[in-house]
Amino acid sequence: MSDKNISPEEFDKLVEKRINLGVKNLWYPILPSWGVKNKPVGITRLGEKIAVWRSVDGQVHAISDSCPHRGARMSLGWNKGDKLACWYHGIEVDKDGMVIDVPAVDHCPMKGTKQNHSYPIKEIDGAIFAYFGDELNVEPIPLELPDELIKEEYSSFLCTAIWKVNYRYAIDNVMDPMHGAFLHGDSHTMAWGEKKAKMKLEKTDTGWMFEKEGQTGVNFDWTEFGNTGAHWLKLAIPYRKNVGPGGNFTIIGFATPIDETTCQVYFWRVRKVEGWVKDLWRFMYKTEPKDAIGMYLNRIG
Ligand code: FES
Ligand SMILES: [Fe+2]
């Protein structure tokens, strides 16, 4: 059936399905850096099966996770540097998706041809980002992440989790500052301020800001949505001086679709700290999970 024969209802369903699997032509975090070592890893992101591996020079590579011979998962095969060898009959596919060797036969026509999709990759602040382009937008767009993830004066910890919801609910949750005073109202960070607010939406250079009118710096009072090659969320929670270095605790978040009913969330918990304060904060954060910061970690949803 050609596209012309699709009814408006069917078209809407296709659009809904596409959106539920993730908006294309964007970068997404697909794994924390610690999740990719020597052994290839098989993951699903935006409904696509992907084989990810790291070569000895530390570079991360990602190709579609299907052998061009008979469809075995390439992620079950062997890491051979900038290529993977299929575990079933040994075909070797490189980081660009080219078939480099077909050891089981002489003169295989597949040899030297591109058979697998390859994903542009960037590794930033402890996470691996992949670009998901469609057929018309194969070349990756620039990725400009918030200062909190790339500038020296910030220090961060990345926390990830699998949430059993469509990624749109995850974004909806983080874009909803009003739930802080209720759902997290018994925490030491979000017990303060008004429980009633009028919300306003304001455009920014890269997206928009959703915030409470007349209250800021008291509770979880605003969330920013940014579109800078990736869709990110930013919020700040004021922290009292007796439970940390003072000032805001900033969270930079992403929700990466896995399939229509599951996503992986990435939350960088960021402090603007330098010198010995930075060292102390990082030490405390890692070694005292039961302290106030740990309590907060357990509560943030
Ligand atoms: S299925 Fe991979 S080489 Fe045969
Ligand atoms: Fe929450």
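This is a predicted model: local features need pLDDT of at least 70, side-chain atom pairs count only at pLDDT 80 or more; totals for chains, interfaces and linings use all residues.
Local features need pLDDT of at least 70, and side-chain atom pairs count only at pLDDT 80 or more, while totals for chains, interfaces and linings use all residues. Residues are numbered from 1 along each chain as its sequence is written, and side-chain values use heavy atoms, with hydrogens and water left out.

I begin with aromatic pairs. Rings of Phe, Tyr and Trp (its six-membered ring) pair if their centres lie within 6.5 Å; planes under 30 degrees apart are stacked, over 60 edge-to-face, and the rest tilted. The count by this rule is 10 aromatic pairs. One of them is stacked: Trp-87 and Tyr-88, at 5.3 Å centre to centre with 20° between the planes. Buried means under 20% relative accessible area, exposed over 50%, and partly exposed in between (1.4 Å probe, protein chains only). Trp-87 is partly exposed at 40%, and Tyr-88 is partly exposed at 45%.

How are the rings of Phe-254 and Trp-268 arranged? Their centres are 5.6 Å apart and their planes stand at 75°, so this pair is edge-to-face. Phe-254 belongs to strand E16 (residues 247–259) and Trp-268 to strand E17 (residues 262–271), so the pair ties together parts 14 residues apart in sequence. Strands here are DSSP runs of at least two residues, numbered from the N terminus. Phe-254 and Trp-268 are both buried. Ring pairs also link these two residues with Phe-129 and Tyr-266 in a cluster.

Finally, the charged end of Lys-195 sits over the ring of Phe-182, 5.6 Å from its centre. The rule requires NZ of Lys or CZ of Arg within 6 Å of the ring centre and within 35 degrees of the ring normal.

Note on methods
Chains are lettered from A and ligands numbered from 1 in the order in which they are written. Helices (H or I, at least four residues) and strands (E, at least two) are DSSP runs, numbered from the N terminus.
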